[in-house]
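Hi,

Here is the structure I said I would pass on.

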Amino acid sequence: MLQHLSLLIRLINKYMVRRILIALILLLGPRLYSTHIVGGEIMYRYLSNTSTTVSYRVTMYLYIDCINGSQGAIDIDVNGYLNVYSYNKTFNNYTLYTNNGEYFPLLNTRTGPSRVSDVNYKCIKTKPNACVDKYTFVKDITIPINNDGYTISFERCCRNNSINNIVNPESSGATYWTAIPGFRNNFKNNSPVFKYLPPNFLCTNAPLNFDHSATDSDGDSLVYELYQPFLGATNTDPLPDEFGSTNPRFFSNVVWASGYSTFANQIDGNPTLSINSRTGKLSLTPTTTGQFVIGIKVIEFRNGVKIGETKRDFQFNVSNCVFDIVASFFVPKVGCEGTPVTFTNLSQGSTNYSWDFGVDSTNLDTSVQPAPSYSYSKPGYYNIRLIATNAGICKDTTEYEIFIRKNFKVNLPKDTLYCGAFSRVLQSDVPNKSYLWSTGATTPSITVNRGGTYWIRVTESPCSSRDTVTIINDLSQLDLGPDSVICRDSFVQFTYVGPPNFKTYLWNDTSTLQSVFIPKLGKYWLSTTNSNNCPSSDSITFVLYPPPKSFLNDTLFCKGTSVTLDGSNLSIKTKLETNYLWNTGATTPQITTFTPGQYTIKLRNRLCTLFDTAVLTHIETGLDLGNDTFYCGPISRWLRPQKGFVKYQWHDNAEVIDYRATTPGKKKVTITTKEGCVESDSVMITQFPVIDGGLGNDTAICLSSIFPIRAADSFDNYLWNTGETTQTITVTNAGTYIVTVKSKNGCIISDTIKISEQSDALPVDLFMPNAFTPNDDNINETYPGNRYKDPGSPYLLRLYNRWGEQIFESTSPTIEWDGRYKGEMAPQEVYVYYIRYVGCDDVSRWFRGTFTLMR
């Protein structure tokens with residue numbers, strides 16, 4: 001009874017403490033969430049065991065932001081709850097461990113803090129305002145030995161809401177945990193312990209090379225890798241202790257923000273965050289300010305079997321820093337033996353450099369060049385160190401490990417010759433690499449059956465090797481062609497010439513020449529070797545067969561007559577088995593044609609073929625009366641056909657050779673040659689009437705005249721002796737003027753007019769009347785009405801009213817005043833005229849006067 005009461009009191013005390021802490025958090029609000037916690041890790045050390053239980057000392061480090069963290073929140077975390085879960089490997093879940101009715105979590109009290117004050121940069125001018133304290137929680141536990149082991153965890157919510165690389169950081173908690181192996185993996189184990197505290201701040205564009213390795217007191221093998229941190233607790237339950245819970249527990253991971261991932265990019269950097277799986281060296285050059293959650297774990301193996309792992313969940317604070325010097329360089333993670341590795345120097349503020357390329361067996365692996373290259377003679381891991389200095393300021397050091405692969409050389413078989421068809425497997429002699437053949441195949445081997453040049457490129461980046469093999473496939477074969485039919489009536493011995501360009505010949509008569517003598521009909525065989533020594537053989541049989549016979553003759557024939565060609569086989573032996581084919585498509589022995597040209601016939605009996613050709617040609621008389629023609633006026637045309645014909649007969653039955661045509665119409669002649677050919681030709685003669693240029697009679701003009709000369713209408717072309725091409729031209733001088741015109745029918749004629757100048761051709765005096773009567777009686781209706789004949793010379797008439805206002809003006813005698821002004825009848829009164837003109841004698845005159853308008 002007393003024992004049960006004691007257990008109940010312990011449970012009540014633990015429950016009350018937890019409830020008080022939760023009440024304080026809820027009362028004080030988000031200020032007491034774990035925004036002060038920047039990371040944590042849990043380790044354990046084996047103490048002792050009995051046959052059924054084992055004891056461990058569990059240590060947890062909590063890293064606290066001692067600048068931005070709420071003091072109230074820091075005070076709340078004076079006690080920590082370590083939850084102990086038994087692991088079920090079958091179902092891959094965790095169950096809260098209980099012992100005799102006492103549930104874990106284990107309440108324990110922290111010690112510390114100790115200040116994380118290590119500075120990871122040597123030449124920084126001003127440190128960022130960052131502060132991290134480490135608190136330590138230690139608890140001894142005794143648990144039963146089981147098969148699958150235990151997991152010890154601590155949960156807290158929530159993370160800083162300014163974290164860049166996870167989704168909803170303000171509502172995402174953290175779980176720090178470690179795994180204890182069970183009986184099957186040797187429970188007598190001590191977890192690895194990280195050697196150094198993580199840096200309390202990072203700087204953009206400055207390389208971080210941090211030794212994140214761990215020690216293992218059991219001497220187990222350690223492997224390092226990045227991992228995806230875990231979520232834990234919630235906004236409503238920021239300090240869970242799983243008190244009294246019996247439900248299986250599963251741990252879930254944080255959700256990376258866009259652009260971030262576990263292995264490729266946990267934090268913005270170039271190069272990005274990476275950890276050397278062998279040495280635990282953490283490398284990063286941050287490029288973006290902010291806060292970033294990262295996960296790093298060390299896995300321990302014993303005799304090749306994984307027995308446990310320790311995780312560190314930590315928040316990196318990245319700031320812009322000012323340096324005197326930053327040592328930095330880039331080099332690929334992997335190099336190749338014997339191939340130069342180029343180092344890209346990214347240092348800032350330095351003027352001198354000292355490189356050590358990490359080869360322990362020599363002191364010659366150094367350089368003072370800003371951007372050197374180095375070839376490693378052996379494969380392996382090499383730690384490269386760069387020291388950047390600037391006299392009197394500072395010295396900064398950075399390191400990086402490179403892995404040098406063992407180089408290799410691929411070898412394909414020697415070049416090969418195959419005679420005839422073949423199949424060959426080409427195999428790389430370098431296994432377990434990446435392959436690319438010239439065929440596009442990516443397998444270690446390919447099968448080929450054609451000649452050509454084949455290459456393979458074997459790659460294990462950055463190492464690469466290439467080799468080539470040429471396969472000559474000689475498919476040439478001796479070909480004597482089909483058996484030979486000798487199309488003759490009797491056999492005649494002959495020499496047969498074999499195909500050229502073979503290296504050796506051997507005929508069945510033991511002859512070794514290219515040609516062989518054929519003394520009789522029969523079968524002959526030949527064996528050869530070519531320039532590649534590839535053998536081949538063939539045979540040919542010679543037989544005798546009578547050919548068809550045909551005789552076609554070239555022929556001259558008259559136009560308009562036909563010719564019959566007879567290509568019949570004249571060979572009595574094979575006449576009945578003959579087939580015929582003309583180049584016209586006809587298949588009969590004879591064809592009849594009216595058309596000259598070349599005619600070919602193909603005669604084919606059972607084995608032989610004969611071609612025969614005849615050329616048919618018209619008898620050309622050369623008769624030609626010329627082209628049709630026309631005359632513009634009288635016709636007189638001699639038609640003269642060629643001489644030498646035996647007969648001439650014209651359309652009007654005249655039988656003369658030369659014929660004179662004087663009338664229009666078709667003129668035709670028919671001739672007969674000495675061969676009896678009759679042929680005709682004709683010519684059409686058209687007559688058009690005589691045309692007139694229309695210039696008229698010669699004439700005289702005034703000295704001052706500008707005289708137009710106009711040719712007749714309806715001509716297609718006009719050409720004057722002045723060079724003008726218009727129908728009308730204007731002349732001012734005496735002379736002879738000629739126009740050449742062309743009608744629509746093609747008739748061409750010239751016309752001439754002679755122009756002379758006379759000063760009295762027209763009167764030079766001009767009469768100005770003193771009155772006119774514009775009253776619609778058709779008498780004296782316009783002014784001046786003096787019938788002055790215009791010689792085409794300058795003329796100006798102006799009329800004014802008594803007020804001096806100009807009411808009319810004319811520049812041609814043909815334009816006179818009708819007695820209206822501005823559309824209205826002018827009043828009856830006296831008006832003034834002014835006139836200036838050039839007369840027929842080319843003398844300029846002027847005068848003024850008055851006249852009266854009367855109605």
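Predicted model: local features only at pLDDT ≥ 70, side-chain atom pairs only at ≥ 80, totals over all residues.

Below are my notes on confidence, disulfides, a pocket and one serine.

The average pLDDT over the protein chain is 87, and 93% of the residues reach at least 70. The stretch to watch is residues 1-32, where the pLDDT is below 50. That stretch still has 36 contacts in the model beyond near neighbours in sequence.

One is the pair C123 and C394, with the sulfur atoms 1.8 Å apart. The link is left-handed, with -85° about the S-S bond. It connects distant parts of the chain: C123 is in the loop between β7 (106-116) and β8 (132-144), while C394 belongs to strand β29 (residues 394-405), and 271 residues separate the two. Both C123 and C394 are buried.

Another is C203 with C321, where the sulfurs sit 2.0 Å apart. Its torsion about the S-S bond is about -80°, so this disulfide is left-handed. C203 is part of strand β12 (residues 202-203) and C321 is in the loop between β20 (305-319) and β21 (329-330), so the bond ties together parts that are 118 residues apart in sequence. C203 is buried, and C321 is buried too.

Then there is C632, joined to C747 at an S to S distance of 1.6 Å. With a torsion of about -95° around the S-S bond, the C632 and C747 disulfide is left-handed. This pair also links distant parts of the chain, 115 residues apart: C632 in strand β48 (residues 629-632), and C747 in the loop between β58 (735-742) and β59 (748-757). Are its two cysteines buried or exposed? C632 counts as partly exposed because its relative accessibility is 33%, whereas C747, at 2%, counts as buried.

By residue class, the lining of the second largest pocket divides into 9 nonpolar, 5 polar and 4 charged.

Last, the serine. Where is S705 found? In the loop between β54 (699-701) and β55 (707-710). S705 is buried because its relative accessible area is 7%, and the cut-off for buried is under 20%. S705 and T730 are 25 residues apart in sequence, with a C-alpha to C-alpha distance of 10.0 Å.

That's what I have for now. Over to you!

Note on methods. Residues numbered from 1 in each chain as written. Heavy atoms only, no water. Helix = DSSP H or I, 4+ residues; strand = E, 2+ residues; numbered from the N terminus. Buried < 20%, exposed > 50% of the residue type's maximum accessible area, 1.4 Å probe, protein only. pLDDT = per-residue confidence, 0-100. Contact = heavy atoms within 4.5 Å. Disulfide = S-S within 2.5 Å. Nonpolar A, V, L, I, M, F, W, Y, C, P; charged D, E, K, R; others polar.
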